[in-house]
Amino acid sequence: MHPLARRIQETFPTGFVSSTEWRGDVAVTVTRDKVHEIAQFLRDDPSMDFDYIVHVSSVDWPDDEERFEVVWEFYSIRKRHRIRLKTRVPESDCVVDSLTDLWRGANFMEREVYDMMGIRFRNHPDLRRILLPDDFNEGYPLRKDFPLRGKGWRDTFEFLDEQPR
Amino acid sequence: MALEDQRTTVYKVDPNHPESETLPALRTEELLLNMGPQHPSTHGVLKVIMELEGERVVKSTPVMGYLHRGVEKLAEDGTYHQFIPHTDRLDYVCAMYNNFAYCRAVEKLLDLKVPDRAEYLRTIVAEVQRIIGHLFWLSAQALDIGAMTVFFYCFRDREILLDWFDELCGARLTTSWYRIGGVERDLTPSLIAKLKAFLDYFPPKIDEYQVFLEKNRIWLARTKGIAVISAEDAINFGLSGPTLRGSGVDYDLRKYEPYSAYPRCEFSVPVGKNGDTYDRYWIRMMELYESVKIIKQCLEQMEEGPIMAEVPSVTFPPKQRVFTNLESMIQQFKLFSQGFKAPPGEIYCGTEAHKGELGFYIVSTGGSKPYRLKIRAPSFVHMGAFDHMARGYMISDACTIFGTYDIVMGECDR
């Protein structure tokens with residue numbers, strides 16, 4: 001196990017779920033209720049020192065019990081190491097703690113995740129859609145059950161390959 | 001810390017000032033102004049709702065997404081090769097660097113080694129693209145501030161390089177020249193000669209631009225001390241590229257997570273001090289000189305060799321072989337029709353584009369299409385800091401803040 005992952009496991013034995021290291025990327029999966037605490041530890045602990053947020057992302061696994069995966073990627077400018085923090089969120093209770101109070105750059109990134117995947121962030125200062133219009137009511141486009149051609153009025157177009165020959 | 005102090009003393013009215021009591025009681029109210037989406041200085045279709053106190057910005061809310069095309073969703077429906085042309089349309093000013101960042105990410109996913117010559121070619125073209133990007137930025141920024149001459153001079157030089165791209169890959173802007181595992185075609189002797197001629201011609205021109213601007217009182221007044229952001233804030237907001245280095249943070253992926261031929265080249269990373277628009281301008285000008293240096297070194301060090309990795313399950317065969325050799329034709333057909341299967345796993349790969357860190361986060365489940373592809377676009381992240389940086393400045397300064405990010409909405413909205 002990578003030393004960064006082991007450090008998280010030792011400090012948060014109940015929050016730690018698993019860790020992987022692949023192609024040089026360290027990824028740590030944690031439980032949802034400890035995300036904020038662990039993120040704060042990652043930012044403030046002198047040996048971790050992750051002061052830079054790279055991206056917030058999400059993955060949809062429709063067949064899993066806890067359907068969504070939220071992914072944060074952090075970098076330390078002083079220590080020059082990276083870590084990926086992941087947690088799982090069920091569809092019925094699609095909420096996870098916002099990290100905007102720790103990294104202000106997370107504000108727009110979390111809004112994008114909300115916009116595209118429908119995951120809500122608790123304590124986010126301004127959780128609105130960001131790329132899609134505010135009145136977009138066709139769901140969340142990056143979910144796997146959202147068709148590529150779109151929903152709503154876009155779905156009424158006739159496409160060439162659907163014409164009877 | 002000192003920067004914050006400077007900002008408050010310059011831009012906030014002192015309530016204890018003796019004259020402040022003698023001012024007549026005027027009725028004041030905050031004005032809400034919609035700027036954009038159709039506005040020449042928002043660099044594309046971006047709207048900002050500004051709360052104004054007189055001409056000062058109190059709060060600004062960017063409204064984005066006018067150019068949202070669902071690129072991340074489209075990526076899930078095509079093979080890895082098919083996504084390369086989509087990356088051209090992200091940051092349409094600098095398509096080559098998007099191709100580069102994406103191909104690097106897929107190569108990391110596949111654990112693919114790119115031949116030496118291809119690495120040099122990639123670095124040369126990426127740095128040419130960086131020059132184009134910075135020239136485009138400089139012309140747009142100067143135009144925002146009112147210096148139209150610089151715009152024409154920069155476009156004159158940019159045109160030379162775009163024609164060079166045209167000769168290299170047949171397109172000026174949407175290039176798609178990079179391939180997974182290498183590059184599409186080699187530099188011809190004519191291209192190398194033209195590039196060498198440009199490298200001799202260009203450095204005096206950079207001095208020329210600096211003469212235009214660095215003694216220009218309007219330029220200095222509009223850039224020095226404007227849009228100041230401290231190093232701590234810049235890091236906290238996740239800024240990258242010249243926007244972060246302008247605040248004095250030495251963060252350049254080319255140096256600290258070296259890739260391609262960069263570790264074999266000697267170059268320095270300019271870092272600013274004050275975190276204002278002027279420092280970010282200065283960094284980009286210095287990077288033009290550094291890019292010229294990098295290209296020169298690459299041209300010297302480059303040796304003959306293959307330009308594409310030989311991994312038949314992933315990379316395309318050379319075109320000559322496709323026409324003469326049956327196996328190569330089958331390989332080409334299978335790659336174009338079905339793509340290749342990537343191993344299950346997930347990677348993040350960041351590349352230092354001229355705007356900042358352009359990253360791709362790819363999740364693969366073992367199929368021929370990415371299961372999830374997330375683009376970490378620097379323009380989008382930079383817009384997150386816009387409100388913080390615009391507060392307390394004038395509306396006209398807000399226009400220069402879009403410029404100082406070098407924002408391109410195609411990348412911001414994806």
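Which helices and strands of chain A and chain B each supply at least two residues of the lining of the largest cavity? In this predicted model, local features need pLDDT of at least 70 and side-chain atom pairs count only at pLDDT 80 or more, while totals for chains, interfaces and linings use all residues. Residues are numbered from 1 along each chain as its sequence is written, chains are lettered from A in the order in which they are written, and side-chain values use heavy atoms, with hydrogens and water left out.

A cavity is a set of points, on a 1 Å grid over the protein atoms alone, where a 1.4 Å probe fits but cannot get out, and its lining residues have an atom within 4 Å of a point. With volume taken as the space filled by probe spheres set on points joined across faces, edges and corners, the count comes to 2 cavities of 30 Å³ or more.

The largest cavity holds about 50 Å³ of space, and the elements asked about are β3 (52–60) and α3 (106–117) of chain A, together with β8 (372–376) and α16 (378–383) of chain B. Such helices (H or I, at least four residues) and strands (E, at least two) are DSSP runs, numbered from the N terminus. Among the lining residues of the largest cavity are H55(A), M109(A), F380(B) and R414(B).

The second largest cavity, with a volume of about 30 Å³, is lined by residues including S58(A), L142(A), E72(B) and R372(B). Two or more residues of this lining come from each of β3 and α3 of chain A and β8 of chain B, and α3(A) gives the most, with 4 residues.

Key. On a 1 Å grid over the protein atoms alone, a cavity is a set of points where a 1.4 Å probe fits but cannot get out, and a pocket is an open set with protein on both sides within 12 Å along at least five of seven lines; lining residues have an atom within 4 Å of a point.
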